[in-house]
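Me: I would like to learn how to read covalent and charged side-chain contacts from a set of coordinates. Could you take me through them slowly?

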Amino acid sequence: DRKKLSGEDLNTIDETVGQRKKLSGEDLSELDHRVESRDIISQLPEHIIHHILSLLRDTKDAARTSILSRKWRQIWTSFSILKFDQQKIQEQEGCLEMRNKTKTFKDFVANSLNNHLKQKLSIQKLVLHITSYDLELAPHMDHWINIAIENNMKELDLHVVVKKSRYYYLPQTVFASNTITGLRLHGCKLKFRSNIKLPQLQKLYLHEVHVDQQIVDNLISSCPLIEDLRFIHCTGLQNLQVSSLLKLDRVEVHHCHVPKEIKVNAPNLQTFWYCGKKSLPCKIDLVACVFLKRLTLEDANMTDEMFEDQFARFPFLEILDLSKCNNLKNLTISSTQLKKLVLRGCKNLMEADIDAPNLFSFEYKGDKMPFSFSNPSSLKAAKFSFEPVQIDSHEFHLGDADPLWFFRLRELLEKLKHSSGLKLIVRSKKNVIIHEELEEVLLPPKSDLKLEIIKPLTCFEDLLDNLLRTCHPEILSIVSSSSSEFPKLVYEKMMHRGENPNCCPYNTQNKCWRHSLKGIKIEKFEPAYGKSTSDWIAWLKSSPTLQYQTTSYRLSW
């Protein structure tokens with residue numbers, strides 16, 4: 001829509017917005033009318049603006065959007081998501097002494113809540129990030145939370161940084177709310193003096209909270225609508241059993257202390273994610289979760305037999321992620337439903353036979369290449385990260401650990417070379433090779449290789465933008481046919497970036513590659529005659545392709 005405006009109209013908007021601070025109230029009202037008749041951002045639906053405001057860090061950032069236009073000024077005042085970050089608010093107010101800092105924060109939250117209530121507005125979500133908690137602050141936090149509950153709050157996100165074992169006890173009113181649908185609790189204590197009654201609760205995230213099976217049972221029996229249940233760095237969970245939740249869609253258990261068994265009986269569970277500790281084995285029972293679609297396991301104690309027993313129970317599994325499963329040695333993964341597979345850091349894995357004809361995405365990270373595909377015809381994206389392994393202060397490279405890795409990779413590329421549009425990106429430290437076709441592939445004799453097979457969704461610009469956003473190579477090489485326009489397009493794209501790019505006007509911290517690239521030089525493979533060349537250039541010169549040409553650019557950043 002913005003493209004439909006003429007250049008004159010856009011200049012008028014820019015000029016008038018720049019003059020806002022100098023105008024009177026009457027002039028400002030007239031200016032709002034003129035700008036909003038042209039400015040597309042003011043035509044956004046109210047629910048979209050609320051979503052944008054919800055992504056901002058706190059209430060002060062939301063308030064700053066009021067300068068955009070009259071509509072935004074009206075909407076932010078009715079914004080129903082209140083975020084209060086103690087550290088950020090105290091820094092913005094410039095307080096030095098701790099007592100003044102705490103008072104400033106308390107006054108700011110109280111005034112914000114009072115102003116909200118005076119307008120008789122509801123509170124959709126309350127976010128409290130407490131970085132300097134003490135017992136004096138506790139009654140004020142109780143009061144703020146109770147106000148939000150009285151005004152039909154739906155979500156509470158409470159993050160308390162615990163110091164010197166001073167815990168905040170959640171007020172009992174939270175456990176008797178008829179409106180709360182989401183609870184995210186970090187670093188606080190749960191203590192029930194009466195029966196829990198949370199009939200609308202759908203999401204429960206507990207982070208660094210002490211819970212036992214009795215607490216879990218009480219929550220489950222009183223919260224029949226829970227869909228998303230997560231335990232992160234929690235203590236007290238010796239045996240976690242979850243059942244009787246018909247709407248349960250997702251369960252996550254991350255690095256909790258001493259769970260010996262996890263049993264989930266939820267027929268509609270779609271996602272299970274477990275990250276365990278190396279020295280603490282945990283038995284996982286998901287027998288009743290036959291419709292599971294996404295399984296992520298980081299379990300150093302899981303054996304081949306344990307994995308095969310689990311995998312066979314999930315005929316509808318679409319995503320499988322195995323990370324740091326160091327007891328796995330030989331796997332057979334056969335599935336017609338599997339679409340994404342990740343094998344990351346399973347350091348003792350020697351063989352993985354993959355038969356997944358509908359696999360769309362594959363990712364591997366390790367010091368060898370233990371996997372082979374029987375039918376990768378549907379593969380559209382693949383990432384391989386090969387790293388050297390350290391044993392007794394000695395470094396072993398990819399070829400040392402797995403002498404057959406090159407042949408296995410060749411075999412995979414041979415099966416994929418007829419797939420339309422696939423490209424191979426090879427990275428080694430600060431050097432990159434882009435293969436336009438999966439033939440006559442150049443693979444340097446390095447141990448820190450990162451390979452990526454991709455199919456750009458639209459055009460080569462996406463490929464280049466994504467590549468240069470994640471790395472700044474010194475040498476960028478392209479292997480392509482002699483008739484290909486690809487090297488020329490890449491060169492022109494980099495050259496025409498402009499001396500002062502204006503592509504990232506609103507992103508001051510993470511600007512794109514155009515702002516960092518200083519120079520481009522075509523690297524000619526001619527005899528050096530006494531001049532020293534890098535190992536990478538020397539290797540490129542000694543590795544000619546038969547049917548394809550190699551075009552290289554030296555980039556300075």
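Reply: What follows is a discussion of cysteines and then of salt bridges in this predicted model.

Me: How many disulfides does the structure hold?

Reply: As a general idea, a disulfide is a covalent bond between the sulfur atoms of two cysteines. In this structure there are 0 disulfides. Cys 282, for instance, takes part in none, and the nearest cysteine sulfur, which belongs to Cys 256, is 9.6 Å away.

Me: Are Cys 282 and Cys 325 buried or exposed?

Reply: Cys 282 is buried, its relative accessible area being 6%, and Cys 325 is likewise buried, with a value of 0%.

Me: Turning to charged pairs, how many salt bridges are there?

Reply: The idea is to look for a side-chain nitrogen of Lys or Arg within 4 Å of a carboxyl oxygen of Asp or Glu, and by this rule the count comes to 14. One of the pairs is Arg 344 with Asp 321, whose closest N and O atoms are 3.6 Å apart. Arg 344 is partly exposed at 27% relative accessibility, whereas Asp 321 is buried at 14%.

Me: Which elements are linked by the salt bridge of Glu 351 and Arg 408?

Reply: The side chains of Glu 351 and Arg 408 meet at 3.2 Å, N to O. Glu 351 sits in strand β18 (residues 351–355) and Arg 408 in helix α12 (residues 405–416), 57 residues apart. Glu 351 is partly exposed, with a relative accessible area of 23%, while Arg 408 counts as buried at 17%.

Me: Where in the chain do Arg 427 and Glu 452 lie?

Reply: These two side chains form a salt bridge at 3.6 Å, N to O. Arg 427 lies in strand β24 (residues 423–428) and Glu 452 in strand β26 (residues 449–454), so the pair ties together parts that are 25 residues apart in sequence. Arg 427 counts as buried at 18% relative accessibility, and Glu 452 is also buried at 18%.

Me: Which residues are joined into one network?

Reply: Salt bridges that share partners join Asp 228, Arg 230, Arg 250 and Glu 252.

Notes. Residues numbered from 1 in each chain as written. Predicted model: local features only at pLDDT ≥ 70, side-chain atom pairs only at ≥ 80, totals over all residues. Heavy atoms only, no water. Disulfide = S-S within 2.5 Å. Buried < 20%, exposed > 50% of the residue type's maximum accessible area, 1.4 Å probe, protein only. Helix = DSSP H or I, 4+ residues; strand = E, 2+ residues; numbered from the N terminus.
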